[in-house]
Amino acid sequence: MRVTILMKQVPDTDEVKMDPESGAMIRDGAGVIVNPLDLNALEAAMAIRSDGDSVSVVSMGPQRAEESLRECLALGADDAVLATDRMFAGGDSWATAKVLVAVIEKMGRPDLIITGEKATDGETGQVGPEVAALLGIPVATRVTRLERVSGGIEFDCTLEDGILTQRSSLPILVTVQSDINALPLPTLGGKKRAYTEEIKIETASSLGLGQGETGLGASPTRVVKIETPKVTRDAEKFMASRPDELESAVERIMQILSDNAIL
Amino acid sequence: MIDANRGKNIAANEVWVLGEGSIDGGLSDTVFELSLRARSLADALENYSGERHTVSVILPLDSGTADLARPEEAGRAGADRVVVIKSEGLVFDRAACGKTIAHMAKSSPNGVPKIFIASATAFGRSVMPYAAALLETGLTADCTGLEIDPKSGLLLQTRPAIGGNIMATIKTPNHRPQMATVRPGTFPMPRPDARGHAKVSEFAIPEHLSARTVETVAFSPYSREEGTLKDRDVVISAGRGLRRPEGFKLIARLASLLGAGVGASRPAVEMKWIGYPHQVGLSGQTISPKVYIAAGISGSVQHLAGIQTSGTIIAINRDPEARIFGVSDVAICGDLYEALPKLIERIEAKMGR
C-alpha cells in the first residue's frame with residue numbers, strides 16, 4: 001500500500017505571544033513546527049504500515065518547510081516532496097488543493113491519503129476534502145481510529161452527536177484528529193534518513209501549472225478586510241485567599257448566573 | 001492551460017442552504033438558523049438588484065430516516081422550497097453527497113445559486129469543500145458573520161482567523177456560487193410563533209451518482225454528559241490546576257447543578273484525565289456559552305482563542321499572573337478546591353437542597 005501524508009508547516013502557537021492591546025498573535029521570532037495534527041496523520045500511517053508499504057509526505061510552502069519535511073523523515077516517512085514557488089503564495093484552500101493534487105498526480109496516485117483535520121494557523125479544514133474532490137475519491141473527516149481490514153480500511157469519525165464507524169475501499173482520503181494516537185517519536189534510522197534523504201522539490205513549472213492557475217491570482221476568495229477585535233477584558237479581581245473576598249467572589253458568580261437566567 | 005471562465009458559472013437569483021436532519025429524525029436547528037439568515041440575504045439582494053431571490057433548502061437524507069423529517073417546516077424560517085434527496089447511505093458518504101449537491105447546482109435550470117451556505121458541522125465542513133472544489137469556486141470556513149455588501153451585492157463572509165485573534169472579511173468576487181460554512185449558533189433562530197410552509201420536492205439521484213464507496217458499520221450516539229459543548233449556556237472547564245484527575249468529579253457536580261457542559265484544557269486531555277470531546281480551544285471545540293468558567297487553566301493562546309466570544313468569562317487560578325485573567329470578566333485568584341465547593345454550597349442552598 002502506498003500512503004501519502006499532506007503536511008503543513010505552521011507557526012508554533014505555544015511560542016506565539018498575544019499582543020495584550022489588540023489580541024493579535026505576534027509571530028515574529030516564533031518558531032515553525034509541523035502542524036500537530038499532521039504528525040498524528042503520519043503516526044496513523046506508521047501504525048498501519050506493513051512490509052512493502054511506502055509512506056510519502058507532501059507539503060506546499062516556503063523553502064524552509066524543508067525542515068519540517070526532514071522532521072517527518074526522522075519520524076519514519078520514506079520520502080518527502082516540497083512544492084515551493086512564489087507563484088503559490090497567497091493561495092486559498094482551493095488554490096492550495098490544486099497544487100497538492102498536481103504533486104500527487106505526478107507521483108502517481110496513492111492508495112491512502114492522510115492529513116490533519118485542520119492546520120492550527122488557517123483552521124479551514126478544507127484542503128483535505130478539496131484534494132479528495134479534485135481526485136474524485138471518497139473522503140472521511142475527524143477520524144479518531146484507523147485500521148486496515150481486508151479490502152480497505154475501517155475507521156471511526158468523531159461527530160457532534162456520536163461516533164460513526166465506517167468502512168471504505170481504497171483509495172480514500174482521511175483527515176485525523178489528535179486523539180487517534182500519541183505523537184510519534186523519531187527513530188535512529190529515521191534521523192539518519194532525515195540527514196541523507198533528498199527532499200524532492202516541485203515548482204509551478206515542474207508541475208505544469210501556469211500563471212493564474214495557482215496562488216492568490218487563482219484563488220476564488222479574497223480577503224477584503226482585517227479587523228482586530230478587542231479580546232482583553234477588564235477583570236473584576238478577587239483575592240480568594242482572603243475569606244471575605246472569596247465570599248464576594250462566590251456572590252459575584254451567583255449574580256452572573258442569575259443575570260443570565262441560569263439560576 | 002488557463003481557463004479564464006473557470007468557476008465563473010452563471011448564477012440564478014437563488015440562495016441555497018445545505019440542510020441536515022437531526023439525530024432524532026427532525027430537521028436540525030441549523031436548518032432554521034441558516035434559512036432565516038438566507039432569507040435576510042435574499043431580501044438584501046432584492047434591495048440591491050430589484051429582483052426577487054428565492055431561498056431553497058437542499059436536504060440530503062438517508063432513506064431510513066427520510067420519512068421522519070418534516071421538511072416543509074423550514075418555511076417557518078422563510079425558506080421558499082425544500083429539495084429532499086433521499087438515498088441510502090448518502091449523508092455519511094461525504095464524497096457522494098458533495099458530488100450530488102455539486103451536480104444539482106450545475107444542472108439547475110437557471111444556473112448555480114448565487115449563494116450557498118451550510119452549517120460548519122462535521123457534515124457541512126466535509127460536504128461543502130468537496131462540492132466547492134467540484135464547482136471550482138471558493139468557500140469560507142466557519143463564518144461568524146454573513147452580510148450583503150450594499151455597494152457590490154457581494155456576500156461579505158466574516159470569520160475568525162489566525163487563532164481567532166483577528167476577524168477577516170472575505171469576498172468571492174467572480175466565482176459562483178459564493179459559498180460559506182457558518183459556525184452553529186451564530187445567527188438567531190426564528191421566533192417560536194413564526195409560520196410558513198415551504199414547497200417540498202424530491203430530487204432523484206442520477207444513476208452515475210448512486211454508488212456508495214463508504215459504508216457505515218455502526219453509529220454510537222454519545223450520552224448527554226459526553227455530548228457537544230456547543231449548545232450549552234454554561235461551560236465549566238478545568239485544566240492542569242486540578243492537580244489530579246478525580247478533580248473532574250467536582251467539576252461534573254457543579255456542571256450537573258447548572259445543566260452546564262464540562263470542558264477541559266488540552267493538557268488535561270493529553271494527561272487522559274478526561275476524553276477529547278471535552279477539549280476546549282483551537283485543537284478542540286471553539287465555544288461561546290453565555291457563561292464560561294475556567295478553573296485551574298492558565299490560558300494558552302489556543303485555549304483563549306477558543307473561548308473569547310463567550311458572554312461572561314470567570315477564571316479561577318492560583319497564579320495571579322495567569323494569562324487567562326487578561327481575557328476574563330471575573331478573575332478569582334485562589335484555590336479552586338476552596339472556591340468551587342463554596343459555590344456548589346451556595347447554589348444548593350438557593351435551590352433548596
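## Contacts within chain B

Take the contacts in chain B between residues at least 6 apart in sequence: 67% of them join residues at least 24 apart. Contact here means that the C-beta atoms of two residues, placed from the backbone, lie within 7 Å. This is a predicted model, where local features need pLDDT of at least 70 and side-chain atom pairs count only at pLDDT 80 or more, while totals for chains, interfaces and linings use all residues. Residue numbers start from 1 along each chain as its sequence is written, and chains are lettered from A and ligands numbered from 1 in the order in which they are written.

## Overall build of chain B

Chain B holds 7 helices and 16 strands; these are DSSP runs numbered from the N terminus, with helices being H or I of at least four residues and strands E of at least two. Of its 353 residues, 57% are buried, i.e. 20 or more other C-beta atoms lie within 10 Å of the residue's own, with C-beta atoms placed from the backbone.

Along the principal axes, the C-alpha atoms of chain B fill a box of roughly 65 × 45 × 45 Å.

## Domains

Domain bounds come from an automatic or database assignment. Chain B gets domain 1 (11-209) and domain 2 (234-350), with C-alpha centres 34 Å apart. Chain A is split into domain 1 (2-218) and domain 2 (233-263), and their C-alpha centres are separated by 45 Å.

## Where the chains meet

The contact between the chains draws on 80 residues from chain B and 81 residues from chain A. On the chain B side, strand β11 (residues 214-221) gives the most, with 8 residues. That side has 42 nonpolar residues (Ala, Val, Leu, Ile, Met, Phe, Trp, Tyr, Cys and Pro), 12 charged (Asp, Glu, Lys and Arg) and 26 polar (the others, Gly among them).

β11(B) also pairs with strand β11 (residues 162-168) of chain A, antiparallel, over 7 bridges; a pair needs at least two DSSP bridges. Within β11(B), Pro221(B) is the bridge partner of Gly162(A).

## A buried helix in chain A

Helix α4 (residues 127-135) of chain A has 9 of its 9 residues buried, so the helix is largely enclosed by the rest of the structure. Among them are Pro129(A), Glu130(A) and Leu135(A). Just after α4(A), Gly136(A) takes a positive phi of about 70°.

Note on methods: Buried ≥ 20, exposed ≤ 12 C-beta atoms within 10 Å, placed from the backbone.
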